[in-house]
Amino acid sequence: MPDNPTTKHARIRSLEEYHEAYRRSVENPEQFWAEVAEPFTWRRKWSKVLDSDMAAGRNEWFQGARLNITENCLDRHLASRANKLAIIYEPNDPKTRHLRLTYRELHQEVCKFANVLHNNGVEKGDRVCIYMPMIPQLAIAVLACARIGAVHSVIFAGFSATAIADRVNDAQATVVLTADGLNRGAKQIPVKRVVDEALETCPGVRRVIVVEHLGWPVHMHEGRDVWYHEEAEDVPKTCPAEEMDAEDPLFILYTSGSTGKPKGVVHSTAGYMVWADYTFRNVFQIEENDIYWCTADIGWVTGHSYLLYGPLLAGSTSLMFEGIPTYPDAGRFWEVIDKHSVSIFYTAPTAIRSLMAAPLDNVLSYSLDSLRVLGSVGEPINEEAWYWYYQHVGKERCPVVDTWWQTETGGIMISAMAGITPSKPTHAGLPMPGVQPVLLTQEGKEIEGNDEEGYLAIKHSWPGIIRTTYGDHERAVQTYFAPYKGYYFTGDGARRDENGLYRIIGRVDDVINVSGHRFGTAEIENAINQNQNVVESAVVAFPHDVKGQGIYAYVICRPAAATKDKAHIEASIIETIVAQIGKIAKPDKIQIVSGLPKTRSGKIMRRILRKVAEGEISNLGDTTTLLDPAVVDEIIEGRK
Ligand code: WTA
């Protein structure tokens, strides 16, 4: 790779090099990251590599540097890779033609979109919300925002109108980018109509730019809505990149926490860029001719860092898939791999589990010869799924990298580097250079030694660390930096095995992970409580064969609802959740109860509710502090 960060510090090629890089990254982080950052395109170099006060949640990387991330994703590659494929788009319907964009073409398309944004009054620092299907224009739109210094906030195109409105208003966005419609498997979603509904409560939005994708008729709101293709007719194919400060925000991405409404995680420019690039190259051990496919939607952080920014920064070819693993059948992933000769494949355990359930022929009838590396992300991968993936997809020849990280960490934190550091089923493995994980007791004492379990926290700043939560820095401090002073707190529990490899056990807070999507139990309860039949609710997770965790909701209804049919009430509650959050938050089980187990001080005993949801009723633990033990008997009696 000629003009990329391939100095010996940026690319690790052996276990010894890993240990050496790790040691240097801990002993002298500033020098280490300065060397990694050196080969990027900078308008001006930094004056200080790191200025960090973890307790205050203040982390500044490459202070004083000036750059534009799209010059590093695009312009930088034009000298040697102009005709190399940057993006391969595989549509939802295999009968529709796929599309390929070279680096030169992608550069032009991004410049055109950036000019359209400019012409529509978007300026540096403005927030732009994007609600689009997984089509090339989504990638282009995101990069176009970055080109002109606008802060993008992508909202997964499965969220409801209410969820969009919350995010648009929280980010004080003035412009929304969308499309006419979306196909996902056999489903069709009129995304523009969903946006229209959302914007009824978003007075700050003055412009909606609509990409034509399916040719569906849409209502264009006079004075507010414009068609992208009309706006793009005469715009120039070049657009100067806005010079940004290293710490200028690059994007906001909303994610659920253990309390209340989702928070806007903010990432900044230079640190995120260096982190996404470094982790991408090393974890996947990228080579020049790889065809790389990350199945995540750009609406999630995995799509940001490892479909878009990481691969483009590295000058790789990234495949973008509009559909789902099971459409038109459970062989689709494997068909796409053979069709495009995919060499690196990165997906989520939930997808693997859903495909395992289909007859094995679905995978065995494809060659999968092009594959070299397999990745997993988003939730713990159970042993059965790991082996199925390794044997039937990787043919026991491809290393599996189980990558642990979070929206807040910007990029992969703990993972094997393919073929280099150990890959052990159900273990993420060793930390990336620059990442100093610790296990803490509940009181915050570091647990030394191996073969131990505790709360997972990170000791030192790393370039991709969350900078703030949009509009509310105190919330970021309280969530991540205040629980254990001097550390970033992950909210996950972990185990360090006898060889120092990390295994992520799962969340230790009230966050549940359904098919790799994070939800706060409070967020779902708030939605349920909006239903007119409901007085109170409590949501817990239970183990689910495909989704990893399922949602179990206990609901107390109003007396007036007593005469209504239970099935009717349940359907109505589901409707409310779909309207408030989206289909992805639909509970698997709803149990209507007359009371919830509470302590004398009024606190819901979730431990008991979890046990009942898991079916572990013989082992409820200590119930002596319960206000009314009869409630528990009733709940057990009626459990689903
Ligand atoms: C979980 C996704 C086990 C974890 C990149 C974390 C994982 C949350 C793994 C973040 C993994 C992610 N093994 N658990 N390899 N990857 N998680 O923000 O609980 O959507 O805290 O980021 O997913 O989810 P998020």
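**A sheet and what surrounds it**

Analyst: In this predicted model, His152 stands opposite Phe251 in strand 14. The two strands involved are strand 7, residues 151-154, and strand 14, residues 249-255. They run parallel and are joined by two bridges.

Next comes a pocket. The second largest pocket has a volume of about 260 Å³. Its lining consists of 18 residues, and those nearest the centre are Ser258, Lys263, Gln478, Thr479 and Asp509. Helix 16 (473-481) and strand 24 (488-496) each contribute at least two residues to this lining. By type, the lining residues are four nonpolar, eight polar and six charged.

Last, the domains. The protein chain is divided into domain 1, residues 103-242, and domain 2, residues 515-639. Six residues of domain 1 and seven residues of domain 2 take part in the contact. The C-alpha centres of the two domains lie 37 Å apart. Between domain 1 and domain 2, an area of about 500 Å² is buried, and carbon and sulfur atoms give 55% of that area. On the domain 1 side, Phe159, Ser160 and Thr162 supply 57% of the area buried against domain 2, more than any other three residues.

How values were computed. Residues are numbered from 1 along each chain as its sequence is written. This is a predicted model: local features need pLDDT of at least 70, side-chain atom pairs count only at pLDDT 80 or more; totals for chains, interfaces and linings use all residues. Side-chain values use heavy atoms; hydrogens and water are left out. Two strands pair if DSSP finds at least two bridges between them. Helices (H or I, at least four residues) and strands (E, at least two) are DSSP runs, numbered from the N terminus. On a 1 Å grid over the protein atoms alone, a cavity is a set of points where a 1.4 Å probe fits but cannot get out, and a pocket is an open set with protein on both sides within 12 Å along at least five of seven lines; lining residues have an atom within 4 Å of a point. Grid points are joined across faces, edges and corners, and a volume is the space filled by probe spheres set on the points. Ala, Val, Leu, Ile, Met, Phe, Trp, Tyr, Cys and Pro count as nonpolar, Asp, Glu, Lys and Arg as charged, and the others, Gly among them, as polar. Domain bounds come from an automatic or database domain assignment. Contact means heavy atoms within 4.5 Å. Buried area is the accessible area (1.4 Å probe) that two parts lose on being put together, summed over both.
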